[in-house]
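Biologist: I would like a close look at a single part of this model, with attention to the backbone. Please take it step by step.

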Amino acid sequence: MKLKLADLIDNLVDAKVEIAKFKDILPKRATEINLLKDQLEKQGHILWETPYYFFAKENGEKDGPYCQRCYDSNKKLIRLQSPGKNGYWQCNECTSGYKDSTYSAFSYTPIASSRRF
Ligand SMILES: [Zn+2]
């Protein structure tokens, strides 16, 4: 009888250890599930307009543009920057560059105009 009780206590300890493992895993899984839900929700709102992505907001407005490379490889929405406002867009995450339909290589740049010979 004493041996059986010892076995039961051992089993109970094992079970408690297993439960402790799940207590550790469950919050991580919940976080992962929320992240995936968020990604799925975003996928329904992502618009492809060559050469980059836009995000369609609930009110119908478009937000962006966002980097094609970052979204396709990591599902990250990285906002593109266009310092020259000349149709050339750059990603600060992966350094990809994009030229849209308004791109002009001959746009005004203050640095070039200040050069003297
Ligand atoms: Zn990028």
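Biologist: In which loop is Lys-85 found?

Modeller: In this predicted model, Lys-85 is found in the loop between helix 2 (68-74) and strand 4 (88-90). The phi of Lys-85 is near 50°, a positive value in a residue other than glycine. That deserves a remark, because most residues other than glycine have a negative phi, and most peptide bonds are trans. Lys-85 counts as exposed, because 9 other C-beta atoms lie within 10 Å, and the cut-off for that class is 12 or fewer. Thr-95 also has a positive phi, of about 60°, although it is not a glycine; Thr-95 sits in the loop between strand 4 and strand 5 (97-99) and is exposed, with 9 other C-beta atoms within 10 Å.

An open sheet of 3 strands runs in the order 1-2-3 with antiparallel pairing, and its edge strands, each pairing on one side only, are strand 1 (46-49) and strand 3 (62-66). On average, and with direction ignored, neighbouring strands of this sheet are turned by 30° against each other. Strand 2 (residues 52-56) pairs with strand 3 in the antiparallel sense over 3 bridges, and Tyr-53 has Tyr-66 in strand 3 as its bridge partner. Within strand 3 lies Pro-65, and the peptide bond leading from Gly-64 to Pro-65 is cis, with omega near 5°. The bond from Thr-50 to Pro-51 is cis as well, with omega near 10°, and Pro-51 is found in the loop between strand 1 and strand 2.

Terms used. Residues are numbered from 1 along each chain as its sequence is written. This is a predicted model: local features need pLDDT of at least 70, side-chain atom pairs count only at pLDDT 80 or more; totals for chains, interfaces and linings use all residues. Two strands pair if DSSP finds at least two bridges between them. Helices (H or I, at least four residues) and strands (E, at least two) are DSSP runs, numbered from the N terminus. Axes are lines fitted to C-alpha atoms, for helices over the stretch in contact, and angles run from 0 to 180 degrees between N-to-C directions. A residue is buried if 20 or more other C-beta atoms lie within 10 Å of its own, exposed if 12 or fewer, and partly exposed in between; C-beta atoms are placed from the backbone.
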